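I opened this entry to keep track of what I looked up, chain by chain and then residue by residue.

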Amino acid sequence: MVRLRGVVALLGRFPALAGVDLEIDAREIVLVQGPNGAGKSTLLRVCAGLLRVESGTAEVLGHDLSVDRAAVRRSVGLLGHDTALYDDLTVLENLQFWAAASRVAPESVLPALDRLGVASRLHAVAVSRLSAGQRRRVALAGVVVRRPTLWLLDEPHAGLDQRGRDLVDQLVVDAARAGATVVMASHELDRTVDLATRHVTVAGGTITADRQVRAAEPGDHDAS
Amino acid sequence: MLRDVRLVALKDLRIEWRSRVTLSQIVPFAALVLVLFGFALDANRPVLETATSGLFWITVMFVATMAVQRSTAVEINDGARRALLLAGIEPIAVFLGKTVAIAAQLLVVQVLLVAGVIVLYGASVGQWVLLLATCVVATVGIAAAGSLLGALVAGVRARETVLPILLLPILAPVLIGATRAFDDALGSVAVDGWAWLGLLAGFGAINLVLGALAYGVLLEET
């Protein structure tokens, strides 16, 4: 699913990743932890095909990132610090736009909003009028709409209330059970430690610890 | 690709319609500039009539700068630019979509400005076809150059001030060509407006090709 070997990535001239080796398989839920500026978000952006790999080899979802980043981008769902929502459009218009742009059926928008607990009364409300937590939920619904094979979540619990956090946890587990892989960067270790099947620690742009804590999520067909 | 061009253009136009920035800020700004030019030159009516074409297009340049700023800002403010890459839309479709949206706004403003110069400056249009063709062709060049430079300065910290510094000199050929073509359309100066329109068409084509080639590189994160 993800194979990184000696990956170096720059932010400007600064090496935000300085030789990362990482292999992640399907259905794993990987918690990436580390101090501020360690390179967690950069790692997610590299996996999403957004940031160029300066040296080393990187393969994501079977695509070589030095050759075909566009193919990777189409298959991942990234929740970054930004929510990528247009303030002046309504919740529904935003998600319908991103669904159309991603060539996803518009029918998938309402179930995704429902899944994230976004009340129907908010669908016709301009995003600028939402709270930070509501925006975050809508952004997560945008990831759900894409049905990605690789979920890249940067601080997915940030700004959410207890109910929202529980929904995110369930979303992550369900995605892994459905065969997807989830990589999430988080400082909220009390929530994510138990959720993850593997803990990766990043510091100074390199991986300093990598520990499997439990088996990957069983697939839906395994459970039945 | 046309589907994505339409998608991006309609999205930008819907944002403008909802925010009312064009109607509530850009149009009044354009009208204000026109009125102030009129105040400055009204004492010498013949000069005002001779300068009408140039004043019209200088106003359009100012308006274009505002429209491009706005078009760039909506993609940057909450990371939508990155999401466009992830969505898999071809960069050329984003470029053309944003160009169409900017051009549409500029054309709306120009309709009002034409009415403004007729009413305020006493201009009379001798060749409506040339005037309309000039508006459309010049606008394509302005919008294409604006879209391209908007993407170029998107990552710059002081992009609000950098954009006009880069955009206005690049639009100088449009200012010259469109002013001459308008001179002919308004009958204020004896020139061959259609020849100047050809120059504008060439400028527009160059900007469209440059945008199509370079926009993808500019959209990428570094």
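**Ground rules.** I am working with a predicted model, in which local features need pLDDT of at least 70 and side-chain atom pairs count only at pLDDT 80 or more, while totals for chains, interfaces and linings use all residues. Residues are numbered from 1 along each chain as its sequence is written, chains are lettered from A and ligands numbered from 1 in the order in which they are written, and side-chain values use heavy atoms, with hydrogens and water left out.

**Chain B, overall.** I looked up the secondary structure of chain B and found nine helices and zero strands, where helices are DSSP runs of H or I of at least four residues, strands are E runs of at least two, and numbering starts from the N terminus. Read along the sequence, the pattern of chain B is α-α-α-α-α-α-α-α-α.

I then checked its dimensions: the C-alpha trace of chain B spans about 55 × 35 × 30 Å along its principal axes. The radius of gyration of chain B is 18 Å, which agrees with the value near 17 Å that a compact globule of 222 residues would have; the radius is taken over C-alpha atoms, and the globule rule is 2.2 Å times the number of residues to the power 0.38.

For burial, I noted that 50% of the 222 residues of chain B count as buried (under 20% relative accessible area, with exposed meaning over 50% and partly exposed in between, for a 1.4 Å probe and protein chains only). Of the contacts in chain B between residues at least 6 apart in sequence, 81% join residues at least 24 apart, a contact being heavy atoms within 4.5 Å.

I also looked at the charges of chain B, where the mean positions of the 14 positive and 14 negative ones are 9 Å apart; Lys and Arg count as positive and Asp and Glu as negative, with His and the chain ends not counted, and each charge is placed at NZ of Lys, CZ of Arg, CG of Asp or CD of Glu.

**The interface.** Turning to the two chains together, I found 27 residues of chain A in contact with 26 residues of chain B. The area buried between chain A and chain B is about 2400 Å², with 55% given by carbon and sulfur atoms; this is the accessible area (1.4 Å probe) that the two parts lose on being put together, summed over both. On the chain A side, L50(A), Y86(A) and D88(A) lose the most area to chain B, together 24% of what that side buries.

T42(A) sits in helix α1 (residues 40-47) and is buried at 6% relative accessible area. Leaving out residues up to four places away in sequence, T42(A) touches A9(A), L11(A), A16(A), L17(A) and L51(A).

G133(A) belongs to helix α5 (residues 132-146) and is buried too, at 14%; beyond four places in sequence, G133(A) touches G159(A) and L160(A).

Finally I looked at backbone angles, bearing in mind that most residues other than glycine have a negative phi. R27(A), not a glycine, has a positive phi of about 70 degrees; R27(A) lies in the loop between β2 (14-24) and β3 (29-33) and is partly exposed at 22%. E155(A), also not a glycine, has a positive phi of about 50 degrees; E155(A) is in the loop between β7 (150-154) and α6 (162-177) and counts as buried at 12%.
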